[in-house]
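Keep the structure open as you read.

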Amino acid sequence: MTQSYQREDYHGIWVIAEQDGDRVNHVSLELLTKARELKEQGKLTEPVTAVLLGTNLAKFPAKLAEAGAEAVIVVDHSALRYFQNETYALVLKELVGARKPAIVLMGATAAGSDLAPTLGAKLWTGVAAHCVDMKLNDEGNLVAVVPAFGGKVLGDILCPELRPQMATVRPGILGKALCFPHENYQIEHYDPSSALTKDKGLVRALGISYEPVQGVPLEEADVVVAGGFGAATEENWQLVETLASLLGGAVGCTRPPLDEGWARDYQMIGTSGKSVRPKVYIGVGISGATHHVCGMKDAGLVISINKDEKAPIFEVSDIRVIADAATILPLVIESLQKNDEDEVCKLA
Ligand SMILES: Cc1cc2nc3c(=O)[nH]c(=O)nc-3n(C[C@H](O)[C@H](O)[C@H](O)COP(=O)(O)OP(=O)(O)OC[C@H]3O[C@@H](n4cnc5c(N)ncnc54)[C@H](O)[C@@H]3O)c2cc1C
């Protein structure tokens, strides 16, 4: 199957923004800031555009504009209340086909990772998935940077012939969104009725439930205490949680604690998990596999506890503690608790 079109007809950068009814997903904001950087780099003239699908969307465009959107296309329809792949892809296919953006970006979230390939297939174009960076080359083509071989190699992915060029980007990897002057952004309401009449999809989303995040969310924490397989046993895992709680931080993990059922999937840090940039990262019993290091390498101060002095995590650590986690964690916790009690005594 081929599609006849002129590459030259496609202009500008779109970000498909994600919202949960209360908040815009932070990766959409990060992407808008990145889109402004790409626009400047490529000396593009078209406004950076956010596309927002759902219902009751009035409160979101200003937030998108603050992060860099110069135009917002609002697609508000009851059929779009909950994300569903087929319906969203149909609407976006029609919208992209009509307006022809050169670049379409989404967060590599559960929804974005589901939607991007479907939309890419419908538009007969390529999608670079789970990118960690993006730039424009001298020809103005998007260069999407994607880790390969467990993060040991960074590959440049281009889609030079087909349009639009699509990419999904991992949450947190681009850094925090900037704040732009946003008084004069354009807003447009798009009626998706014609696309929706073509929706013969068999799947209907009836609701969305979110697993409540316990404690401080990883992405927002200044302190992250991450436990690995060397934190060993469920009882010791509670020591990791106690330390995080005493420091007012969030608990992170590597893959094995997830597999063991000690930690939850939203706590995993790394190529298949989250990217974090806390001021302080404390890794307990973590070997330092590239899959994990990819997600924490931008942390401020890195403290690692490992009983193996040759553990690779020490190569990316500022403070190395060669010790058995089961011995040292209770001592650190006791000392922190004692400090707390002393403070209370002083105040009393
Ligand atoms: C496609 C793919 C994607 C992946 N994505 C991710 C990802 O996103 N995030 C991720 O984390 N992993 C990911 N992994 C898994 C990753 O490759 C590693 O296997 C994992 O990170 C190792 O976890 P770990 O360091 O906790 O365990 P191990 O590698 O088993 O290391 C345990 C460490 O603890 C130390 N230790 C043991 N006992 C003690 C003790 N009592 N006190 C102190 N130290 C001790 C050991 O010396 C060792 O260094 C992925 C793998 C694949 C194939």
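The expected span of a helix is 1.5 Å times one less than its number of residues. This model is predicted.

**Helix α4**
- Helix α4 covers residues 110-123, which is 14 residues, so at 1.5 Å a residue it should span 20 Å. Its end C-alpha atoms are 20 Å apart, in agreement.
- Buried here means under 20% relative accessible area. The buried residues of α4 are Ala 111, Gly 112, Leu 115, Ala 116, Leu 119, Gly 120 and Leu 123.
- Seen down the axis of α4, these buried residues fall within an arc of 135°, so they line one face of the helix.
- An α-helix has 3.6 residues a turn, so residues three or four places apart point the same way.
- The cover over the buried residues of α4 includes α3 (85-99) and the strands β4 (103-107), β5 (127-131) and β9 (165-169).
- Trp 124 follows α4, and its phi is positive, near 55°.

**Strand β3**
- Strand β3 spans residues 71-76. Five of its six residues are buried, so the rest of the structure largely encloses it.
- β3 pairs with strand β2 (residues 49-54) in the parallel sense, over six bridges.
- From β2 the chain passes through helix α2 (residues 61-66) to β3, and this β-α-β crossover is right-handed.
- β3 also runs parallel to strand β10 (residues 186-189), joined by four bridges.

**Ile 73 and its partners**
- Ile 73 in β3 stands opposite Val 51.
- In β10, the bridge partner of Ile 73 is Glu 188.

Key. Residues are numbered from 1 along each chain as its sequence is written. This is a predicted model: local features need pLDDT of at least 70, side-chain atom pairs count only at pLDDT 80 or more; totals for chains, interfaces and linings use all residues. Side-chain values use heavy atoms; hydrogens and water are left out. Helices (H or I, at least four residues) and strands (E, at least two) are DSSP runs, numbered from the N terminus. Buried means under 20% relative accessible area, exposed over 50%, partly exposed in between (1.4 Å probe, protein chains only). The arc is that of the directions from the helix axis to the C-beta atoms. Contact means heavy atoms within 4.5 Å. Two strands pair if DSSP finds at least two bridges between them. A crossover is right-handed if, with the strands pointing away from the viewer, the path from the first strand over the helix to the second runs clockwise.
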